[in-house]
Amino acid sequence: LTVVFDTGSGALMVKGQDCTLTGSSAGIRGATGRCQGPSAGYNAAASSSHVPSFAPFYSGYGSGDAAGQSTYDAVTAGGFKAGHIWMSVATREAARFSGFKMDGIFGLAQQQIGDRIVDTFGSMCKHSPKMRCVFALFMTAKQNQPGSQLTIGGYDSTKVKKGSKW
């Protein structure tokens with residue numbers, strides 16, 4: 001699945017295979033009339049590691065909302081495994097999302113409740129001992145200019161200016 005990496009949350013939310021839109025997508029640039037994203041969506045039946053939770057979820061955003069089921073599944077990103085993590089699978093999304101070219105949101109913020117890691121990136125750190133528990137973002141100077149990148153488990157030293165302070 002194609003995701004947007006989000007430094008403001010620790011959650012993983014993807015569209016489900018049977019995701020439908022609520023509201024009108026008329027006038028939204030790039031809208032297809034179906035849930036966002038280039039893929040058909042998450043298919044629990046096709047996953048050998050899926051564990052159902054039967055817990056509903058709802059997320060309200062400034063640009064719209066999403067709702068569906070929460071579930072557990074094994075996740076891998078950038079070659080690093082996150083183990084079985086709690087994730088939200090959207091079965092309904094606001095039409096405003098339909099113009100986005102992504103299947104979901106992968107949160108990079110680290111969150112913990114007591115001794116329990118409750119975020120996707122933290123779970124990757126725990127289940128991938130060879131991974132450094134850091135990520136780095138490089139942003140190009142101009143909007144829509146190719147070359148921005150996310151590095152998981154370290155940073156690209158060619159993107160760091162000489163004399164930079166940590």
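Trainee: How many cavities of 30 Å³ or more does a search of the whole structure find?

Mentor: The search of the whole structure finds 1 cavity of 30 Å³ or more. A cavity here is a set of points on a 1 Å grid over the protein atoms alone, where a 1.4 Å probe fits but cannot get out. The model is a predicted one, in which local features need pLDDT of at least 70 and side-chain atom pairs count only at pLDDT 80 or more, while totals for chains, interfaces and linings use all residues. Residues are numbered from 1 along each chain as its sequence is written, and side-chain values use heavy atoms, with hydrogens and water left out.

The volume of the largest cavity is about 30 Å³, a volume being the space filled by probe spheres set on the points, which are joined across faces, edges and corners. Its lining consists of Met 13, Gln 36, Glu 93, Phe 97, Met 102, Gly 104 and Ile 105; a lining residue has an atom within 4 Å of a point.

A pocket is an open set of points with protein on both sides within 12 Å along at least five of seven lines. The largest pocket holds about 470 Å³ of space. At least two lining residues come from each of strand S1 (3-6), strand S9 (135-138) and strand S10 (149-152); a strand is a DSSP run of E with at least two residues.

We may now turn to the charged pairs. In the whole structure there are 2 salt bridges, each a side-chain nitrogen of Lys or Arg within 4 Å of a carboxyl oxygen of Asp or Glu. In one of them, Asp 103 pairs with Lys 15, and the closest N and O atoms are 4.0 Å apart. This pair joins distant parts of the chain, 88 residues apart: Asp 103 is in the loop between S5 and strand S6 (104-107), and Lys 15 is in strand S2 (residues 12-22). Asp 103 is buried, because its relative accessibility is 0%. Lys 15, at 2%, is likewise buried. The cut-offs are under 20% relative accessible area for buried and over 50% for exposed, with partly exposed in between (1.4 Å probe, protein chains only).

The other salt bridge is made by the side chains of Asp 65 and Arg 92, at 3.6 Å from N to O. Asp 65 belongs to strand S4 (residues 64-77) and Arg 92 to strand S5, so this pair ties together parts 27 residues apart in sequence. Asp 65 has a relative accessible area of 17% and is therefore buried, whereas Arg 92, with 29%, is partly exposed.

Two backbone angles complete the picture. Phe 54, which is not a glycine, has a positive phi near 65°. Phe 54 is placed in strand S3 (residues 51-61) and is exposed, because its relative accessibility is 67%. Asn 144, also a residue other than glycine, has a positive phi near 65°. The position of Asn 144 is in the loop between S9 and S10, and its relative accessible area of 75% makes Asn 144 exposed.

Methods. Helices (H or I, at least four residues) and strands (E, at least two) are DSSP runs, numbered from the N terminus.
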